[in-house]
Amino acid sequence: MKAIIDKKTIPLHVLTKKWERIKGYTWYLDKITEGLCYPKKRYFSTYFYCQKVDIVMTDKNYKILYLYKNLKSEKRIFFKRKVYYTFVLPANSCQNLNIGDTLKIKEK
């Protein structure tokens, strides 16, 4: 799975296993260059994240419902309605995205 943002392709890892979903980018020290996709996740927390990230929450059709840019560590996003996918992307990758846009996803 890949996200196409501003003619840049960001590889995405779909996290379905419980341990993968808990770990995410927690305590990740290397520079984040790939994104994570959490299906059916309506809330998010960046506790113990060592870097800033962009969070994009979409519905089933990848329409952006909520967008959080350059989110620091120890931030919480509380339960949001109608969210189906939550994407964690490298910081500053969503500068030209807005709420209501459709996130371009290329599935394998």
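Colleague: With which side chain does the side chain of D6 make a polar contact?

Modeller: The model is predicted: local features need pLDDT of at least 70, side-chain atom pairs count only at pLDDT 80 or more, and totals for chains, interfaces and linings use all residues. Residues are numbered from 1 along each chain as its sequence is written, and side-chain values use heavy atoms, leaving out hydrogens and water. A polar contact is a pair of N or O atoms within 3.5 Å; within protein, one must be able to donate a hydrogen and the other to accept it, and residues adjacent in sequence count only if both atoms are side-chain atoms. At 3.1 Å, the partner of D6 is N96.

Colleague: Is D6 buried, partly exposed or exposed?

Modeller: D6 sits in the loop between β1 (2-5) and β2 (8-14); strands are DSSP E runs of at least two residues, helices H or I runs of at least four, numbered from the N terminus. Buried means under 20% relative accessible area, exposed over 50%, partly exposed in between (1.4 Å probe, protein chains only). D6 has 42%, so it is partly exposed.

Colleague: And is D59 buried or exposed?

Modeller: D59 lies in the loop between β5 (53-58) and β6 (64-71). Its relative accessible area is 17%, so D59 is buried.

Colleague: How much space lies in the largest pocket?

Modeller: On a 1 Å grid over the protein atoms alone, a pocket is an open set of points with protein on both sides within 12 Å along at least five of seven lines. Points are joined across faces, edges and corners, and the volume is the space filled by probe spheres set on them. For the largest pocket this is about 310 Å³.

Colleague: Which residues that line the largest pocket are closest to its centre?

Modeller: Lining residues have an atom within 4 Å of a point. Of the 15 here, the closest to the centre are R21, K41, Y43, F44 and S45.

Terms used: 1 Å grid on protein atoms, 1.4 Å probe; cavity = no way out; pocket = protein on both sides within 12 Å on 5 of 7 lines; lining within 4 Å.
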